Amino acid sequence: MASYVLLEQARHVEALVLDVDGILSDGFVTLTNSGDEIKSFDIRDGLGMKLVQKAGIKVIIITGRQSKIVEKRMSDLGVDLVFQGREDKGVALKEACKLMNINPEDCLYMGDDWPDLSAFAIAGMKVTVPNGHVEVRRRADLVTQAYGGRGAVREICDMLLMAKGVYRDLLDQYTSTPQ
């Protein structure tokens with residue numbers, strides 16, 4: 001469970017900003033014989049993203065690669081903003097914040113490798129996964145228990161929902177008996 005200080009910090013988050021490879025996916029690039037790429041996404045992460053949006057938190061994707069798979073998955077989830085093919089993630093985060101009228105300090109950025117460090121430098125909260133690069137883990141406010149592509153995003157979504165005080169209300173929508 002996150003500390004009181006982290007929960008207090010998370011209470012002010014207005015946008016959840018996510019890298020894809022290594023965060024929403026396991027970070028492996030799988031290619032078929034015909035050259036098609038295959039990516040796996042954890043369904044729990046997707047629900048978590050939808051739940052934080054219900055709580056009023058924007059979801060933004062910033063990835064260095066370009067992928068139709070990412071475009072399709074994020075469209076299916078109704079993600080607020082998707083930036084693909086962005087090498088400088090700090091610049092992309094500033095652009096995203098300007099478009100969404102949010103301050104970078106009000107963003108939780110989740111990444112796992114060196115290209116994410118420029119976004120870490122300006123985001124209010126920085127999160128990574130256990131197998132994130134050591135330099136990223138060193139700079140993170142929090143390292144998840146779950147690995148990328150295996151529920152790490154959901155772990156952070158749940159923390160944000162708890163910090164915002166809406167976790168129990170959202171859970172009740174799933175546990176109440178239909179009338």
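The model on screen is a predicted one.

Next, select H3 itself, residues 68-77, and colour Val70, Arg73, Met74 and Leu77, which are its buried residues. These residues span an arc of only 95 degrees around the axis, so they sit on the same side of H3. An α-helix has 3.6 residues a turn, so residues three or four places apart point the same way.

Turn to the face of H3 that points away from the buried side. Exposed residues are found there: Lys68, Glu71, Lys72 and Ser75.

Move to the start of H3 and select serine 67 and isoleucine 69. A side-chain oxygen of serine 67 comes to within 3.1 Å of the backbone nitrogen of isoleucine 69.

The next stop is aspartate 42, in the loop between strand S3 (37-38) and H2. Is aspartate 42 buried or exposed? Its relative accessibility is 11%, and the cut-off for buried is under 20%, so aspartate 42 counts as buried.

Show the surroundings of aspartate 42. Apart from neighbours within four places in sequence, its contacts are Leu24, Arg73, Gly149, Arg150 and Gly151. Arg73 is also one of the buried residues of H3.

Finally, display the polar contacts of the aspartate 42 side chain. One, at 2.6 Å, is with the side chain of arginine 44.

Note on methods
Residues are numbered from 1 along each chain as its sequence is written. This is a predicted model: local features need pLDDT of at least 70, side-chain atom pairs count only at pLDDT 80 or more; totals for chains, interfaces and linings use all residues. Side-chain values use heavy atoms; hydrogens and water are left out. Buried means under 20% relative accessible area, exposed over 50%, partly exposed in between (1.4 Å probe, protein chains only). Helices (H or I, at least four residues) and strands (E, at least two) are DSSP runs, numbered from the N terminus. The arc is that of the directions from the helix axis to the C-beta atoms. A polar contact is a pair of N or O atoms within 3.5 Å; within protein, one must be able to donate a hydrogen and the other to accept it, and residues adjacent in sequence count only if both atoms are side-chain atoms. Contact means heavy atoms within 4.5 Å.
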